[in-house]
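User: I have a structure open here and would like to go through a few residues with you. Can we take them one at a time?

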Amino acid sequence: MSRGDIVKGFDFHCHVDLHPNPPALIARYDEEQIVVLAVTTTPRAWPQNRLWTQGSHYVHAAVGLHPELVAERYAEIDLLETRIGESRLVGEVGLDGSPQYRSSYERQKEVFARALVTSQRHGGRIVSVHSRRAVPDTISLIRDHSSPDDVVCILHWFSGSAAEAKRAADIGCYFSINPAMLNADRSRALIQRLPRDRILAETDSPFTKPMDGCSVQAETASLVDELAVLLCEKSAFVWEVIRSNSLRVFEFAGISFRECA
Ligand code: MN
């Protein structure tokens with residue numbers, strides 16, 4: 001069996017390029033056989049991220065323009081569109097309605113809509129979406145500008161209500177869950193109500209916790225264990241759910257793995 005056949009975990013939202021030594025972290029993910037969607041925050045970062053990850057079976061770079069950066073990087077909207085043409089993985093994109101980013105909110109909506117329209121035009125795109133304090137608008141834009149047959153949206157660190165989660169699931173969205181969400185009562189209650197076939201795992205490292213000083217595999221396994229306790233299921237069952245959901249989503253973008261441990 002060659003490298004890349006065995007998968008021991010998935011991380012659907014990691015900022016590899018915000019760690020001090022990205023090549024070392026990528027080597028670690030390869031070594032530990034964890035599949036990663038490596039989000040980026042500006043389309044200018046994409047070529048370097050692609051270079052770092054092109055030899056990796058496990059780490060896959062996505063092209064993004066983070067909503068928190070739209071105020072200063074709105075001019076990169078055309079570049080984002082061009083690079084979405086080159087990348088089946090897109091993120092981090094989305095909306096942030098927090099007070100400090102309010103002044104760029106209309107431009108954020110324009111950037112996110114353009115990212116969705118471009119992804120829809122090319123098809124077979126996976127999009128990792130930020131929606132802090134902006135869940136209703138995020139869901140409306142996804143509904144208006146994309147179809148789940150062409151674009152799979154993953155709501156990362158989702159903090160909306162159960163009704164909003166249902167609306168998102170009804171239009172085909174997935175949810176990537178990180179360890180910090182399992183420490184908040186409100187998120188815990190929400191996770192229990194998510195459709196099981198839409199649950200994915202993420203670290204959002206380094207924002208939750210930097211991954212360069214610990215075993216990624218251990219972190220992944222402990223997330224599965226904690227989710228299992230929360231959902232009153234066995235860990236093996238939750239891993240099987242995460243595994244099959246993850247393979248389905250990557251398969252959608254043309255990325256497949258032959259066997260999972
Ligand atoms: Mn993030």
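User: Let's start with Q108: does it count as buried or exposed?

Analyst: Bearing in mind that this is a predicted model, Q108 counts as buried, because its relative accessibility is 0%.

User: Where is Q108 found, and which residues does it touch?

Analyst: Q108 is found in helix α5, which covers residues 105-122. Not counting residues up to four places away in sequence, Q108 touches P67, V70, G94, L95, D96 and Y101.

User: Switching to the metal, what are the protein donors of the manganese ion?

Analyst: The manganese ion has H13 through NE2, H15 through NE2, E92 through OE and D204 through OD as its protein donors, and these lie 2.2 to 2.7 Å from the ion. Along the chain, the donors follow the spacing H-x1-H-x76-E-x111-D.

User: And where do H15 and E92 sit?

Analyst: That pair links distant parts of the chain, with H15 in the loop between β2 (9-14) and α1 (22-32) and E92 in strand β5 (residues 89-94), 77 residues apart.

User: Are those two buried or exposed?

Analyst: H15 is buried, with a relative accessible area of 1%, and E92 likewise counts as buried, at 1% relative accessibility.

User: Is C153 buried or exposed, and what about C14?

Analyst: C153 counts as buried at 2% relative accessibility, and C14 is buried too, with a relative accessible area of 0%.

User: Then there is C214; where is that one, and is it buried or exposed?

Analyst: C214 is found in the loop between β9 (199-201) and α9 (216-231). Its relative accessibility is 18%, so C214 counts as buried, given that the cut-off for buried is under 20%.

User: Which residues is C214 in contact with?

Analyst: Leaving aside neighbours within four places in sequence, C214 is in contact with R28, E32, K209 and E219.

User: Last one: how far apart are C214 and S128?

Analyst: C214 and S128 are 86 residues apart in sequence, and the distance between them in space is 24 Å, C-alpha to C-alpha.

Methods. Residues numbered from 1 in each chain as written. Predicted model: local features only at pLDDT ≥ 70, side-chain atom pairs only at ≥ 80, totals over all residues. Heavy atoms only, no water. Helix = DSSP H or I, 4+ residues; strand = E, 2+ residues; numbered from the N terminus. Buried < 20%, exposed > 50% of the residue type's maximum accessible area, 1.4 Å probe, protein only. Contact = heavy atoms within 4.5 Å. Donors = N, O, S within 2.8 Å, 3.2 Å for Na, K, Ca; no water.
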